[in-house]
Amino acid sequence: MTYQTTKTAKYTNTDSASVRGINVDYTDHGAGCPVLFIHGHPFDQTMWRPQVKALAGRGYRTIVPDLRGYGRSTVVPGVTPMDAFARDLAALLDHLGLDVVNVVGLSMGGQVALEMYRLFPDRVDSLTLVATNPMPETAQGRLARERLAARLREQGMRGYADDMLVGMMTAENVRALPSVADHVRTMMYAAPPEGAAAAQLGRARRPDHTLLLKRICAPTLLLVGQHDRFTPPEGAELMHVQVPDSIVEIIEGAGHLPNLERPERFNEVLRRFLDQARDRTRALSNTRS
């Protein structure tokens, strides 16, 4: 099997960990309660910059990796199943000496977060699932992802990125937030086609996480954009019914990327949830001691 590492957009203060036979690039900022951020497709760690700025050094330690096949992490051709991403991240936590973290994932990153919980529930203190679909892919969806993987390998990312910008963001936000739209477009252009294709093939075969939802014991925040056409708000409401200790927040005026389209509101909701989860963990720890 051939492995390659691809350089993409500009990064600052990044580190690299050798785990499970690949290199994972990540940033590690701040001190305090650790929060692991998992980006979606076809993005990279820079999608979480507004959240790092809001949390790092304010009682939280933010760990923000590039998933394998994205950003500056190693590209592994073939198929990348969801459990490979989850095991990479668990190995990164081992590298950092972290047993338990709060996990935040968006879209594909939310599916990876669910897979982390399935495999390593004792390592997840809280879950934040943003624009996340827990259901397995349909037969039609599998075919579409397989065709997309072939397209990305043959044509690269630019045409796909241009087609998807409106959808990742609302059309109104693309017009009103040009710097955000440029950032989203740049991340999509820079994604390694082979890595993105491997992830699409893995998502085509992703496990059914709906049965997992009722077994989630960690406090869970379900976040979704009001105008998200890929994972509409009603999907988050259905998850809320299944996850015992969960709350739902719908971010007004946002599409599929509420953390970038409405960062102030997103950060407010996330910070409040993480504060409550941290306080509860401390209270439980004091009770046990």
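**Close-ups of a predicted model**

**View 1. Helix 2, tucked inside.** Among the buried ones are Met82, Phe85, Leu89, Leu92 and Leu96. Helices here are DSSP runs of H or I with at least four residues, strands are E runs of at least two, and both are numbered from the N terminus. From first C-alpha to last, helix 2 reaches 22 Å, close to the expected 21 Å (1.5 Å times one less than its number of residues). Gly97 comes next, with a positive phi near 75 degrees.

This is a predicted model, where local features need pLDDT of at least 70 and side-chain atom pairs 80 or more, while totals for chains, interfaces and linings use all residues. Numbering starts from 1 along each chain as its sequence is written, and side-chain values use heavy atoms, leaving out hydrogens and water.

**View 2. The one aromatic pair.** Phe37 and Trp48 have ring centres 5.0 Å apart and planes at 45 degrees, so they count as tilted (centres within 6.5 Å, using the six-membered ring of Trp; under 30 degrees is stacked, over 60 edge-to-face, the rest tilted). Phe37 sits in strand 4 and Trp48 in the loop between strand 4 and helix 1, so the pair ties together parts 11 residues apart in sequence. Both residues are buried.

**View 3. Around Val184.** Leaving aside neighbours within four places in sequence, Val184 is in contact (heavy atoms within 4.5 Å) with Phe43, Leu165, Met168, Met169, Leu257 and Leu260.

Conventions
Buried < 20%, exposed > 50% of the residue type's maximum accessible area, 1.4 Å probe, protein only.
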